[in-house]
Amino acid sequence: MIDTDRYLILENGKVFKGKAFGADGDVIAETVFTTAMTGFLETLTDKSYTGQSVIQTFPLIGNYGVIPEDSESDKPGVSAYIVREWCDKPSNFRCKFTLDEYLKANGIPGIYGIDTRALTKIIRENGVMNSVITDNPENADLDKVRAYRVRNSVEQASTDKQYVVSGENPSFKVALFDFGVKSNICRCLANRGCEVHVLPYNTSAEEVIAMKPDGIFLSNGPGDPADNVEVIANISKLTGTGIPIMGICLGHQLLALANGFKTEKLKYGHRGANQPVRSLESGRTYISSQNHGYAVVGESIDKKIASELFINVNDGTNEGIRYKNAPIFSVQFHPEACGGPKDTEILFDRFTETMEEVRICR
């Protein structure tokens with residue numbers, strides 16, 4: 001293997017010199033970090049990372065290789081991949097490709113051999129910033145890097161056509177809006193007796209109501225939630241139907257905006273498999289998997305409409321909302337949690353129980 005120099009240049013002009021792996025090509029993207037120690041393939045295939053270059057803070061990545069069956073989507077969501085060291089001789093009986101082979105096959109440039117700890121500290125102290133990854137630093141246009149913004153990310157991440165995920169003898173029909181859904185969300189629902197109809201992000205409220213679903217699910221996804229004006233208006237119509245609704249991550253934020261609450265961009269977001277959240281109902285703390293750069297502003301929640309369900313133990317930001325006069329709740333974190341802890345997978349049970357209760361009352 002020939003080591004080729006590759007550079008990561010932050011919008012503030014800071015230069016990190018490393019080595020190239022993965023695909024060729026320059027990439028401008030928003031640069032974020034994840035603290036997860038495992039689940040690198042799940043990270044790569046999480047479409048919530050659309051438009052972003054991802055730093056892995058754990059130093060060695062790729063030691064168990066690429067296992068396609070563990071992917072969270074049909075293709076990677078990340079724009080570029082940044083690691084301290086990648087393993088070129090993985091060891092796992094399920095391994096099909098090395099990390100380098102996978103990135104090349106999917107057109108994702110990578111850079112390794114840089115001080116990822118120093119890079120992460122810069123982002124923690126200064127906030128998320130854009131960067132360019134290039135083999136020729138003389139071509140870097142910092143004005144263009146600074147002007148970059150993640151746009152139309154939900155449209156890029158969503159499915160083009162409806163499809164169904166189901167187990168045997170399903171009991172519930174769920175209409176799931178795909179804003180960049182992780183496969184394990186569909187599996188968790190299917191394992192609980194749901195026939196999951198995965199819908200494009202721009203499916204109208206009228207189309208959903210005509211399906212006569214037992215429940216509506218709003219998935220995770222990328223980008224600034226406030227950019228999705230038409231989707232928010234659509235969700236607003238659905239909240240008044242009496243159909244149970246559950247949202248995760250972006251779905252949680254869109255539900256909040258549809259009810260007149262506010263969202264804000266966090267300094268560097270929550271990304272990793274070790275985020276503690278506390279239930280305001282039970283007082284119990286759970287360890288959760290998260291990937292988001294925006295959050296619902298807790299102070300903006302109208303207490304006549306809803307109440308906080310979870311908060312982040314580290315910084316006090318909102319992590320969940322229960323709506324008072326409708327069978328609706330949402331969470332900021334990922335209860336399906338692949339890879340990561342499954343402490344909160346019980347929330348899928350709560351959703352199916354809510355669908356059953358509403359069905360009995362009808």
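Author: Helices (H or I, at least four residues) and strands (E, at least two) are DSSP runs, numbered from the N terminus. By that rule, Asn169 lies in the loop between E10 and E11. The model is a predicted one, in which local features need pLDDT of at least 70 and side-chain atom pairs count only at pLDDT 80 or more, while totals for chains, interfaces and linings use all residues. Residues are numbered from 1 along each chain as its sequence is written, and side-chain values use heavy atoms, with hydrogens and water left out.

Reader: Why is Asn169 called exposed?

Author: Buried means under 20% relative accessible area, exposed over 50%, and partly exposed in between (1.4 Å probe, protein chains only). Asn169 has a relative accessible area of 70%, and is therefore exposed.

Reader: Why does Asp100 count as buried?

Author: Its relative accessibility is 11%, so Asp100 counts as buried. Asp100 lies in helix H2 (residues 99-105). Setting aside residues up to four places away in sequence, Asp100 touches Phe21, Gly22 and Trp86, where contact means heavy atoms within 4.5 Å.

Reader: What makes a set of residues a nonpolar core, and which residues touch the most other members of the largest one?

Author: A nonpolar core is a set of buried Ala, Val, Leu, Ile, Met, Phe, Trp, Tyr and Cys residues joined through side-chain atoms within 4.5 Å. The largest has 29 residues, and Phe179, Ile216, Leu218, Ile321 and Tyr323 touch the most other members. At least two residues of this core come from each of strand E11 (172-177), helix H7 (205-211), strand E13 (215-218), helix H8 (229-238), helix H9 (250-258) and strand E18 (318-323). H9 gives the most, with 6 residues. Beyond neighbours within four places in sequence, the contacts of Ile216 include Ala175, Phe177, Val208, Leu238 and Phe351. A second, separate core of 26 residues includes Leu176, Cys249, Tyr286 and Leu309.

Reader: How do you know that the radius of gyration of the chain agrees with a compact globule?

Author: The radius of gyration is taken over C-alpha atoms, and the globule rule is 2.2 Å times the number of residues to the power 0.38. For 362 residues a compact globule would have a value near 21 Å; the chain has 20 Å, which agrees. Buried residues make up 56% of the 362 residues. Among contacts between residues at least 6 apart in sequence, 73% join residues at least 24 apart.

Reader: How many helices and strands does the chain contain?

Author: The chain has 10 helices and 19 strands.
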